[in-house]
Amino acid sequence: MASENVLIGVIGGSGLYHLDNLTTIKTVNPETPWGYPSSPITICALPSGTRVAFVARHGKHHNISPSAVPSRANVAALKHLGVRAILAFSAVGSLREEIVPGHFALPTQIIDRTKGVRPASFFEGTSIVAHAAFGEPFSMRLVRWLEGAVARALGEEGRGVVLHRDKCIVCMEGPQFSTRAESVMYRAWGGDLINMSVLPEAKLAREAELGCVASFFLILETKLKFPRCDRYALIATATDYDSWRPHSEVVTASQVMQTLQANANTSRHVAAAILEDLHITAQGDLLSEERGSMAFSIMPKSADQKEEDIEKLAYILPEYFKPAN
Ligand SMILES: CSC[C@H]1O[C@H](OP(=O)(O)O)[C@H](O)[C@@H]1O
Ligand SMILES: Nc1ncnc2[nH]cnc12
């Protein structure tokens, strides 16, 4: 019998508001210490019975703009459900000729162009300070695993969708698109893709450290072997060429919409094709060896840390925060 544990969370972006190619088991809408998620979370079953959790980043009817997405609630709710890895989908602009709208990409780096208006840490506003490592913003072991799995799924689909690797994504504030000058500048900076969503989602996934700590020795050993410790990866689905091409029109929402539906269908196919293996992988080595990333990121316990903050953080990090009662 398939396990009822939900180990993988999927965040759907623009165009990907449901995984209706899977069987819906139930919907939950947990209130977290950071409020409610963007949409009720759908628990879906794969043909084997394996369960995954799905949340629509902008709401089921796309009512939440990128700056207002409750990313802390989304990540916290998934973590609290027992999720160990988050697979996020995003519609992105392409800053490179060879990344043609309709292509998919797995970014490995991020340039932050958000404007500080989004709550970007679970520790914000609390009496507890933590500095998570973010030099490698995605889980590299998960990304490397996905490179094979997603390429196979795209090949099986047979639409000829190309997968690009090792790309750098710029995350801008929005909701308006970039100017031509900004788009050209991002290319000069080394940006390959652009969206409005990967931050703070990736930072929060890192802070939520989807795993538990068995012993100090294990943490130490794990840190030495695998300094990159979250389990979050983004499948970027290109919809447009942004605004850098001198002789082309600038990007508009209607241009994005033209590619969105086909990309969403392919995303659903990819999800259905890889989630079973990802679930199995989440039970084993690939993800469990990355435990403990926040162990040395949180400043030592002190009398100045408020009980209410400890209680709040225990929702996502029960390994480190134990309320007094
Ligand atoms: C609809 S165009 C801009 C919008 O699309 C992307 O959303 P998501 O990342 O959730 O797929 C982009 O980040 C913007 O929010
Ligand atoms: N050109 C673009 N800029 C920012 N976010 C996007 N999402 C899709 N296309 C985009």
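This is a predicted model: local features need pLDDT of at least 70, side-chain atom pairs count only at pLDDT 80 or more; totals for chains, interfaces and linings use all residues.
Residues are numbered from 1 along each chain as its sequence is written, while chains are lettered from A and ligands numbered from 1 in the order in which they are written.

**Entry 1: ligand 2**

I applied the classes to the shell around ligand 2 and found eight nonpolar, three polar and two charged residues. A residue is near a molecule if its C-beta atom, placed from the backbone, lies within 6 Å of it. Of the 13 residues around ligand 2, the nearest are Gly93, Ile194, Asn195, Asp242 and Val251. Two or more residues each come from strand 5, strand 8 (193-195) and strand 9 (232-240). Strand 5 gives the most, with three residues. Strands (E, at least two residues) and helices (H or I, at least four) are DSSP runs, numbered from the N terminus.

**Entry 2: ligand 1**

I then turned to ligand 1, which 13 residues surround, with Gly13, Ser90, Asn195, Met196 and Ser197 the closest. Strand 5 (85-94) and helix 6 (253-283) are the elements that give two or more residues to this shell. The shell around ligand 1 holds five nonpolar, seven polar and one charged residue.

**Entry 3: the annotated site**

I looked up the UniProt annotation "binding site" (unreviewed entry), which covers Ser14, Arg57, His58, Ser90, Ala91 and Ser197. These residues span 184 residues in sequence, yet no two of their C-alpha atoms are more than 12.0 Å apart, so they gather at one spot. UniProt positions are given in the numbering used here, feature names are shortened, and annotations may be inferred rather than shown by experiment.

**Entry 4: two residues of the site**

I checked burial, where buried means that 20 or more other C-beta atoms lie within 10 Å of the residue's own, exposed 12 or fewer, and partly exposed in between, with C-beta atoms placed from the backbone. Arg57 lies in the loop between strand 4 (51-56) and helix 1 (71-80), and Arg57 counts as buried because it has 25 C-beta neighbours inside 10 Å. Ala91 is found in strand 5 and counts as buried with 24 such neighbours.

**Entry 5: the chain**

I recorded eight helices and nine strands in the protein chain. Of its 325 residues, 46% count as buried.

Conventions:
Ala, Val, Leu, Ile, Met, Phe, Trp, Tyr, Cys and Pro count as nonpolar, Asp, Glu, Lys and Arg as charged, and the others, Gly among them, as polar.
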